[in-house]
Amino acid sequence: MLNHLKTLKRVLQVKYLYKVEVTTPAARRNQKKKTVCPAGDRDQTSSFDQLRNEFVLYRIIGNDLVPRHEKGQSRKNLDFILKNEPDLEGCEKRYIVNRIVDPDEENSIIGMLESAGVQYIHIPFHLDEYQGLPLDHEGVPRKYLPTGELFPQLNAAQQCRIWMRLYRHKNNYVMNNNGARNAALREAKTHAKWALPWDGNCFLTAEAWEVIVADVKKQSECPYFVVPMARIPNNESLLNKDYKPKADEEPQMIFRCDSTEEFDEACYYGRRPKVEMFWRLGIPGKWDHWHIEPWDIPCPDYSKDAGAFAKAGWVARLFSGQAHLEKGSSGLVDRGLARNEAIAALLDKLDGEGFHFRYDATRLCYVPVMASGGTISETLKCTLVSTADEALSRGPYSVVDKKTLPPSKNPHDYWHPAPYFWPIPLPIPGLPYIRKDGKRVPGTRLYESMSDNYDRTRLQRLYDDTFVLTLAGSVSKDERYDVHAANLVRTWFLNPETAMAPHLDYAQVRKGWNKNRGSSSGIIEAKDFYYFLDAVRLLEQRSKLTQSESNAFREWLSKYLHWLRTSPQGVKERASQNNHGTYYDLQVGTIAAFLGEDTLLRHTLRDSRFRIVHQFAADGSQTEELKRTTTAHYCCFNLQGWIHLAQLAESCGEDLWRFEGPQGQSLRRAMEWLLPYLEKEWPYQQIDKFDSERLYPIFYAYLSHYGAMDGFEHLEIPGQEDVKPLFCPHDGIRPFWQLS
C-alpha cells in the first residue's frame, strides 16, 4: 500500500508541474502507526442495556445547488419522502430547514412539513449576517492566493478548490452543513438512545430499516454506526418491494446518545465535511487515499473513540435531478466539479445582492464635489483655470501622430519601448538588452523631446487635459473647456482616422524579444483611466457627447477590457506581485465600474484584498518595492495606487481602508510605516532625486480615514490646499488631488 501511495504521489507531482506538499490520510496514519481500538473492546455501562432501542431521524433540508442539483429538487425529494416512506418502527422522524436562501422554496418546504404534521427546526438565513463574514485569507498559503506566484500554475479544479477554501466562512454560513448536523445530533440525543443526523435526501424502505435496527441491536455496545448509501437514479424504483441497490457511497452515521464526537463545523461543504469524522474514527474507505492539499484544513488526529464503530444496513440517496452526475467514477469527479461550481455561483449571487455592491454609474469616484456644485478656494480655482487654459492650447491628440511606427507598422497601434531596457552597443547573441532599473531610455520619460517618437506622452496629455478641462468647466461655466475636452475624447477613441486600436500589444517593446510584442508591464502606462473616465462621465452628463458617441466609446472600452483580461500581457500583469498588480486592479475595476460590469468590479475589489496580504509585510513595509533601485519612488507610487483603489471601493460601499490580513497587513499599517519618513532620512536605495512632497497626499489620505497619527503633532505639515496640485504623472498622483 505504501508503495502504491508513493507512486501516486509522484504522479501527482508531475501533473502539478511544481513541487507541492501532497499527502493522504492513509500515509499520515502509517507514519503515526496508531492502533485503533476494536468496537468489542470498549467498556459499556449497564444502563444502556435497560433502555429501549429508540431512534430519532433528523433529515436536514438545505439549498438546491444548481447545476449540481435540479432547481427545486430538495422540495421534490421531500414530497416523495412524505408520500412514500413507510413508518419506521421505533423511530420518530423530524426535520431541519437549514438556511434556505430562496424564500419561495423555504416557504413551500415549511408548508409541506406543517401539512404533514411533523416537527422541524428552522434555521433561518439572514443576508446581512452572511455579507458580514470575511474571506478565509489565513487558510491559504500566500503563494497559492489568487494573486500569488503559484496560483496561475494550478489547474482549474485546484484553483476552484482554493476559492472554496477562501469562501469557507461564507460557505459554512449558507450551507451550514456540519452546523445543522450538530444541531440535529444534540437535539436527537435528548429524545432517544440513537440519533440519526442525516442528509435531507435520505430515504428508508421498510426492508432497509429492519436491517439497520437488527444490526444496531446486535452490536449495541458500539457508540457509532456507519450506514452505506446507495445512489438512486430513479426514486420510483424504491417503491418496488424487492429493490435493493448496491450501497457503496459515502455513508450516513448513527450516534448513541452517550457518544462524544461531533462534526467539525470548521469543515465546509464541498470539501469532506463528513469525511473528517470518518478520519477521526478510523472508518476505512476510499477517502483514506484522497489528497490533502496545502490549502486544505489539516487531516485530524484520531479520536479516543477511534475504532468504536460498526456497520448497519443501508440507506437510499434520492435522485439529484442530474442523471449524468449519478454514475461511475467519472460521475464522482463531475459531481465534485459541479458542486464547487454551484457553491461558487450561489455565494457570488448572494454577494451581489447587497446594496453595497450596487455601483451608481452617475456617482463620480475621483472628480471633486465642486464638480456638482460644491465650493473650491479662490487660489485653487485660479490654478485650475490657468492649467485648463494651457490645455486649451494643446491637442487634440492621436496615436497616428507619433514619429515612428510600432513593429506592426499600424499607426493606430499604441507603441512605446520598454523604459528600463537599454540596447547593448556591441550586440551579444541572445542578450540584445541590459536592464537598468530606474534609468529610463531616451524618449521614455514624459514630455522630453524624443517622447514624440512614441505614444506615452500623448496618452498622458489626453488623461490630464481632459480631466482638468472638465473640472474647469465645472467651476467656470466656460463652454470652451467642455468642448475641447469632448474633442480630445473623439479624436483619441472615436474618429476612425485618428482612433487608437483597443489594445496595448506594443506597449514597452524590446525589439527582437517576444516577437516584437510588448510586455505585461506596459499595461501600467494606461493606469490613469481611473480619473479620465470621471471626466467622460461629466461630459456625458452635460450632453457634450452624443448618445451614439457614448455608445461607441463604451464599445471601444469593452474591447479594451476584454483584451486586458484575456491577452497574454493582461493575464501576466494580473499575476504581478508588485505595483503592477495594484494598477492592473485599478484599471480593470475602474473600467468595469464605468461599463456597469458589477460582478467584475466586485471580484476585482475582492481580489485586491489578496494583494494587500501579499504586498505588505506585517510592519507595513513593501517587500517587492524595496527590491528596486528607486525604493522611495515605488513605495509611494504603489501606496498611491492603493489610495485610488480604496477610493473606488468606497464609492461602491466597500471598505479597503480597514481591511486587515492574517498578520495585520493593511493600508493603514503601510501608511504608518511610510509616513514617518516625512521627518527622517530614507534609508533604502534611491538612485535618483525623490520629491518628498509626494508624502503629503498620502498623509492627508491617512488623516481623512484614520484621524491624526500619533507622534506627528510637532511636525509643520502644510495645509492641504497649500501643497502643489500637480505632480509628475510618473508619481501616480491625480491632478488636483486635494479636490476629493
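I looked up Thr-629 and found it in the loop between helix H19 (598-615) and helix H20 (631-651). Helices here are DSSP runs of H or I with at least four residues, numbered from the N terminus. I noted that this is a predicted model, where local features need pLDDT of at least 70, side-chain atom pairs count only at pLDDT 80 or more, and totals for chains, interfaces and linings use all residues. Residues are numbered from 1 along each chain as its sequence is written, and side-chain values use heavy atoms, without hydrogens and water.

Is Thr-629 buried or exposed? I put Thr-629 down as buried, because its relative accessibility is 16% (buried is under 20% relative accessible area, with a 1.4 Å probe and protein chains only). Leaving aside neighbours within four places in sequence, I listed its contacts as Asp-437, Gly-438, Gln-685, Gln-686 and Ile-687 (contact means heavy atoms within 4.5 Å).

Next I checked for cavities. I found two of 30 Å³ or more. A cavity is a set of points on a 1 Å grid over the protein atoms alone where a 1.4 Å probe fits but cannot get out; lining residues have an atom within 4 Å of a point.

The largest cavity holds about 100 Å³ of space. I saw Arg-271, Arg-272, Glu-276 and Asp-296 among its lining residues. By class, I recorded eight nonpolar, no polar and four charged residues there.

The second largest cavity has a volume of about 40 Å³. Helix H13 (456-476), helix H14 (479-494) and helix H16 (547-566) each supply at least two residues of its lining.

Technical notes. Buried means under 20% relative accessible area, exposed over 50%, partly exposed in between (1.4 Å probe, protein chains only). On a 1 Å grid over the protein atoms alone, a cavity is a set of points where a 1.4 Å probe fits but cannot get out, and a pocket is an open set with protein on both sides within 12 Å along at least five of seven lines; lining residues have an atom within 4 Å of a point. Grid points are joined across faces, edges and corners, and a volume is the space filled by probe spheres set on the points. Ala, Val, Leu, Ile, Met, Phe, Trp, Tyr, Cys and Pro count as nonpolar, Asp, Glu, Lys and Arg as charged, and the others, Gly among them, as polar.
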